[in-house]
Amino acid sequence: MIDFNDEDSNRSPNPTFDSVLNARLSRRHLLRGGAGAAVAGGAALSGCASTGQATAPAGPVSQLGFKPVAHSLADTVVVPPGYTAQVLYAGGDPLAAGVPAFKNDGTDNEWGRRAGDHHDGIEWFGLDAEGKPSATFSSRGVLAMNHEATTDEKLSSFFIHANGGTSTLPRPAAEIDKELMIHGISVVEVRRDGRRWVTRQDSPLNRRITTLSEAVFTGPAAGSAHLVTRFSPGGTKARGTVNNCGTGRTPWGTLVSGEENWFGYFFRDAQDDARRNDPKMVNAFNRYGRRAGAPSRHGWESGGSEDRFQRWNTGVTGASAREDYRNEFHTFGYVVELDPYNPNTLLTKRTALGRFAHENVSFAVPVAGQPVVAYMGCDARGEYIYKFVSSEKWDPADAQPRNRLAAGDKYLDSGTLYVARFNADGTGEWLELSPKNPAIAAHKGFDFKTQADVCVFTRLAADAAGATKMDRPEWTGVNPKNGEVYITLTNNSQRTPATVDAANPRAYTDLKAGKEQKGNVHGHIVRLAEATPADAKFRWDIYLFASEADADQATVNLSSLTADNDLSSPDGLVFSKATGICWIETDDGAYTDKTNCMLLAALPGQVGDGRRVTLKADGREVSTPAGKPQTPATLRRFLVGPRGAEITGITETPDGRALFVNIQHAGENTKMADIGDPAKYESQWPSNAGYGAGQRPRSATIVITKNDGGVIGS
């Protein structure tokens, strides 16, 4: 089975992150605060924000006040004593009046008016008692979240089909029509009802964005020839969004969402390279993981001659781009923006932020008179870290704009896109991605004549600029205390003793249920420090090496992790604005013989607070700058999820007293052939927690509260 979440298409000669980290940080006096106070976004439906009736805000947490959660293989959500985790919103839940309750037996329809599948990134947008947007009200709001993908073993999204669906081509149109609707984004109103939280099924703010929803392009690539399709001959519109992973909340109060592994949803046949007769464009398709003749993820292109199926065939089939979908592939891979307070607005694809396998977007704390700065990662082995700096300077009045998407136009459609290069002395540069960069203008692999070219084929521009290859950059997060930027690097199964160096010095054998796993199995987190967010230079170190607690501390467990805080494959990473806690989520397949995936709370320090460590591998000596070793006082496990689930997406109420976490794809290792026998499901969550009908596992949002009503983590 092809794993479409494990792309590896970077064949550029650029150095790896590991090959340039052979020197210790040359200086220790790095960024120490000065970022300013957080600016809350949000605005009233008519444009003016309301504070409403707000509970007392939380202050920064100086110590973690909960008992660490132990490892767990149970099919449940485990939280510390004194906390309660409630299932709030699961896949298939109705989002409109009149939509029947979810049967969870594969016969449900109306997916365009239900919660989608695979809950991922999530953001809170407050509402006051009158239903107007509020930056401080904490008992009512809307949750906007991604629905990344769906559980599939062989083509079919088998849990949503009564008999498990069809695992051969062509796929039935009726099955595909369901699957087209379970991807995308949802917005759902929620409120606190006594000690519990509830959703409002008939809220006028409830909304679904699917693969069929109309979207508009903005920024440099809007109207370019690269985006011309039969649906949009002018290259200004697109349909839908797919494989949305991480999210972000803009300073002006909107949702931004990253389109990640969209490449696997498309197909082009084995003769398409020859029909294109354009080696540079073929190179571009290959660089984005879509080789001619490779199978698609779900076979949606096989559903029939109707347009909604044929758009997933991105091969040359007509006389021109206006007559087929040869460019449909290029209409995905962007940061998309949505106004969660206005269901009458369209989804906007912000091309200025580049096209790659986007995870989330994190923003530096905006400062009046300074540019708005966003950080992003491209999630694949050997890919890059990016930064966008707006042309417009931040106006604090835009925290409460009358038109939120117009504010997005202002700050996200014009600016400079950068990619990171790491130097051996512990410094780094942000390399400009534009035709003004001589290395890009002279690139022989693609003709970069305009910024539209750069924005659509960003990976190739980053190759040309000389960016540093990284090991699967996933979520980024900005520490509100000092402005430092954290990036999770999940793992790398291809790391070998012959290729280790400073940033990834661990190539070792890890046993899972008696079977060997090799490489940098558990991943790590890197962090950057800048004098100001718009600077073209930075310094860095490695904050955390993920590891099992019993691994050798001289070669693997370099962060001195214990049973209270060991982890594998850090993925989601979000800093709490209420408390400053850094929440770290895992998407792990390496440690799951001993524990399910987890959520940890951290109180991080700053770049340069650690020491240099030296390792030996196959006779080679490797030196790496490591952050301060961890203790249960600075890092501890807060949650362990049910079987087969990834812990992903996290947001909170402004008072820090309710934490929303997404539990994705519980039971994903169930076999399609066992769809008729619940006893063979890997998981039956959340039905086994008393939520909903049926026994098929579902992705879901949980809300965690402290039993005494206090601040989470304190």
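Modeller: A salt bridge here is a side-chain nitrogen of Lys or Arg within 4 Å of a carboxyl oxygen of Asp or Glu, and the model to which this is applied is a predicted one.

Colleague: With which residue does E189 form a salt bridge?

Modeller: The closest N and O atoms of the pair are 2.8 Å apart, which is within the 4 Å cut-off. E189 sits in strand β5 (residues 184–193) and its partner in strand β4 (residues 140–147), so that the pair links distant parts of the chain, 49 residues apart. Both members are buried, and the partner of E189 is R140.

Colleague: Is E429 buried or exposed, and how far apart are the closest N and O atoms in its salt bridge with R421?

Modeller: E429 has a relative accessibility of 16% and therefore counts as buried, whereas R421, at 30%, counts as partly exposed. The two side chains form a salt bridge, and the distance between the closest N and O atoms is 3.5 Å.

Colleague: Which parts of the chain does the salt bridge between E548 and K594 tie together, and how many residues apart are they in sequence?

Modeller: The side chains of E548 and K594 meet at 3.1 Å, N to O. E548 lies in the loop between β26 (537–545) and β27 (570–575), while K594 lies in the loop between β28 (582–586) and β29 (598–602), so the pair ties together parts of the chain that are 46 residues apart in sequence. E548 counts as buried at 4% relative accessibility, and K594 is partly exposed with a relative accessible area of 36%. The separation asked for, in residues, is 46.

Colleague: How many salt bridges does a search of the whole structure find?

Modeller: Some salt bridges share partners, and in this way R268, D269, D272, D273, R275 and R276 are joined into one network. For the whole structure, the search gives a total of 40.

Colleague: R696 is buried yet has no salt bridge, so which side chain of opposite charge is nearest?

Modeller: R696 lies in the loop between β34 (658–664) and β35 (700–706), and its side chain reaches the backbone oxygen of H161 at 2.9 Å. Leaving aside neighbours within four places in sequence, its contacts include N104, G106, F158, F159, I675 and Y681. A salt bridge would need a nitrogen and a carboxyl oxygen within 4 Å, but the nearest side chain of opposite charge is 6.6 Å away, and it belongs to D105.

Colleague: Why is helix α8 described as largely enclosed by the rest of the structure, and how many of its residues are buried?

Modeller: The helix covers residues 458–465, and its buried residues include the charged R459 and D463. After α8 comes G466, whose phi is positive, near 95°. The helix is largely enclosed because the number of its eight residues that are buried is eight.

Colleague: What radius of gyration does the protein have, and how does it stand against the value for a compact globule?

Modeller: The protein has eight helices and 35 strands, and its C-alpha trace spans about 65 × 60 × 60 Å along the principal axes. Buried residues make up 63% of the 714 residues, and among contacts between residues at least 6 apart in sequence, 69% join residues at least 24 apart. A compact globule of 714 residues would have a radius of gyration near 27 Å, with which the protein's value agrees, at 24 Å.

Methods
Residues are numbered from 1 along each chain as its sequence is written. This is a predicted model: local features need pLDDT of at least 70, side-chain atom pairs count only at pLDDT 80 or more; totals for chains, interfaces and linings use all residues. Side-chain values use heavy atoms; hydrogens and water are left out. Helices (H or I, at least four residues) and strands (E, at least two) are DSSP runs, numbered from the N terminus. Buried means under 20% relative accessible area, exposed over 50%, partly exposed in between (1.4 Å probe, protein chains only). A polar contact is a pair of N or O atoms within 3.5 Å; within protein, one must be able to donate a hydrogen and the other to accept it, and residues adjacent in sequence count only if both atoms are side-chain atoms. Contact means heavy atoms within 4.5 Å. The radius of gyration is taken over C-alpha atoms; the globule rule is 2.2 Å times the number of residues to the power 0.38.
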